[in-house]
Amino acid sequence: MRALLDLILPNRCGGCDRLGEQWCAGCADQLGRAPVRVRPRADPGIACWALGPYAGVGRRAVLAAKEHGRRDLADPIGLAMARALVRLRAPDHPLLLVPAPTRSSAARRRGGDPVARSARAAQRWLIDCRTAPLLRMSSGVRDSVGLTPRQRVDNLRDKISTVAEPDRWLTRAAKAQVVVVDDVLTTGATACEAVRVLGRIGIVPRAVLVVCAA
Ligand SMILES: [Zn+2]
């Protein structure tokens, strides 16, 4: 019964596992700090920012959202992303968030895509911001855990594409600051491929923002 209740209404903090609340003030404070500039080995050619390292609060929150079905964490992760975007965006420009794609088999297993969910949660806090699910990942992409940087790049080559009808986003994208968002940045392989594929339809992202940089 306890386990069942925890699934419906988690009562442990998704960042520090403390009993009593879904997301505690201490974790909100840690994840909500100024984003840090990161420089992945594979350089997507635009600024990359992370809410924090792939450790502690950020790492636990990402894993809980991704692997342990904690959908509720999209809200606090989204809020922390929104705070970072307020700092990063140029004023008076619309914002367009493009979630990095997730392997569809993984998304199905997780009951939806936690990155897209967090992006939509971030959007709710931001003025003139939309989330454009423009990218998809084709089947045949392996889980990147355990792969070398070289293998990660090979694993993703030509596996990310734009959705069938990206046109409805192009007008907005032309006027907006486009930010690619993801949960974890490791080698930068996904960010590079996402930026390259968006470039093919004329969208030039301004930055990459991730929750954690490994
Ligand atoms: Zn906590």
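How are the donor residues of the zinc ion spaced in sequence? The pattern reads C-x2-C-x7-C-x2-C. The model is a predicted one, in which local features need pLDDT of at least 70 and side-chain atom pairs count only at pLDDT 80 or more, while totals for chains, interfaces and linings use all residues. Residues are numbered from 1 along each chain as its sequence is written, and side-chain values use heavy atoms, with hydrogens and water left out.

Back at the metal, the SG atoms of Cys13, Cys16, Cys24 and Cys27 coordinate the zinc ion at 2.2 to 2.3 Å. Donors here are N, O and S atoms within 2.8 Å of the metal (3.2 Å for Na, K and Ca), and with water not among the atoms, sites may look incomplete. The four donor atoms make angles of 104 to 117°, and the site comes out as tetrahedral, a label given to four donors if all angles lie between 85 and 135 degrees. Cysteine 24 and cysteine 27 are both buried (under 20% relative accessible area, with a 1.4 Å probe and protein chains only).

Next comes the sheet. Six strands form an open sheet with mixed pairing, in the order S1-S2-S8-S7-S3-S4. At its edges are strand S1 (36–38) and strand S4 (129–131), each of which pairs on one side only. From one strand to the next, the twist averages 30°, taken from axes that are lines fitted to C-alpha atoms, with angles running from 0 to 180 degrees between N-to-C directions. Strands are DSSP runs of E, at least two residues long, numbered from the N terminus, and two of them pair if DSSP finds at least two bridges between them.

Walking in from S1, three bridges join this strand to S2, and the two run antiparallel; valine 38 has cysteine 48 in S2 as its bridge partner. Strand S2 (residues 47–53) is mostly covered, with five of its seven residues buried. S2 and S8 run parallel and are joined by six bridges, and here alanine 50 partners valine 210 in S8. Strand S8 (residues 207–213) also runs parallel to strand S7 (residues 177–185), again through six bridges, and leucine 185 stands opposite alanine 213 in S8.

Finally, the rings. The charged end of arginine 37 sits over the ring of tryptophan 49, 5.9 Å from its centre. Arginine 59 likewise has its charged end over a ring, that of tyrosine 54, at 5.0 Å from the centre. A charge sits over a ring if NZ of Lys or CZ of Arg is within 6 Å of the ring centre and within 35 degrees of the ring normal.

Conventions. Tetrahedral: all angles 85-135°; square planar, octahedral: opposite > 155°, others 65-115°. Buried < 20%, exposed > 50% of the residue type's maximum accessible area, 1.4 Å probe, protein only. Helix = DSSP H or I, 4+ residues; strand = E, 2+ residues; numbered from the N terminus.
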